[in-house]
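I am keeping short notes on what I look up here.

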Amino acid sequence: MAARVVRLTVITDFVCASCCVGQHELLNAIAYCKDTLQLPLAFELEHLPFRLINPSILTEDAPKVEREDFLQKHIGKERFNKLQAAISKWAEEKGIPLSFRGVMSQTTRAHRLCQKAYKLGGQNLQVPLLCAVFKAHMEEGKDIADINVLADLAESTGTMSKQEAVAFLKSDELEKEVNAMCEDAKSKGITGVPMTIIDGKWAVSGGQSSDVFIQIFKKLAAAGVHSAPSPFSAPVMETACA
């Protein structure tokens, strides 16, 4: 049976804990569908940038602020406490040590590096780097606006050498493109992430569980190569974001 190609465009930001959760859940769902269910699907992933923090509020080279302090100031203590409790519960259940320790980072450089990875090697380079950036920030509390931190991640994931990464990050390569991508997402009405767009037609909003994605992928597999599964039930929506 010919495999249906499923194109997944994930709009995400590295300071977003729900994006990190969603990334884990999406990759787990893809692995389960391929390895356990052996669905006739092939997946093409591309991650696009989004900035939850306006650069006018936090620049990449601004004095460092603790993440907890920054979030409590900008989203309120009550909302932060609810977010922290939800993320801690997920982290404990999954055995993945997500936390809000460390400093808050502007993410333009990290997004530029991930876009460079995609240009160099598509999803095969972008996905490992993206996962490494999330881990560095969300698990290890590292500053992902720091050029040396990002360059180390680029080298460890095989994206490019540390020297090449430092030179790239010190340049302005892909900065205009990343800014344009962020503005384009907002112009299409996207105000929160993660947002997963399937085949340019359907959007899944928020950090959904792997079970949600598995059910979606089952419907796509059952529909076959040429058919479009419709209608999906919530949380999948028709989208004009392609």
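How many residues lie between S3 and S4 in their hairpin? I opened the predicted model to check. I found three residues between the two strands of this hairpin. Asp199 sits in the turn, and its phi is positive, about 55°.

**Entry: the pairing.** I looked up how the strands run. S3 and strand S4 (residues 202-205) are antiparallel, joined by four bridges. I picked out Met195, and it stands opposite Ser205 in S4.

**Entry: Thr196.** I moved to Thr196, which is part of strand S3 (residues 195-198). Is Thr196 buried or exposed? Its relative accessible area is 3%, so Thr196 counts as buried, which here means under 20%. I then listed its contacts, leaving out residues up to four places away in sequence.

**Entry: the cores.** I looked up the largest nonpolar core and found 53 residues in it. Phe14, Leu98, Leu113, Val133, Leu150 and Leu153 have the most contacts inside this core. S3 is among the elements that give it two or more residues, and so are helix H1 (17-36) and helix H5 (147-156). Which element gives the most? H4 does, with twelve residues.

I followed up on Leu153. Setting aside neighbours within four places in sequence, Leu153 is in contact with Leu129, Ala132, Val133 and Ala136. Last, I noted a second, separate core of 21 residues. Leu8, Phe43, Leu45 and Ala221 are included in that second core.

Key
Residues are numbered from 1 along each chain as its sequence is written. This is a predicted model: local features need pLDDT of at least 70, side-chain atom pairs count only at pLDDT 80 or more; totals for chains, interfaces and linings use all residues. Side-chain values use heavy atoms; hydrogens and water are left out. Buried means under 20% relative accessible area, exposed over 50%, partly exposed in between (1.4 Å probe, protein chains only). Contact means heavy atoms within 4.5 Å. A nonpolar core is a set of buried Ala, Val, Leu, Ile, Met, Phe, Trp, Tyr and Cys residues joined through side-chain atoms within 4.5 Å. Two strands pair if DSSP finds at least two bridges between them.
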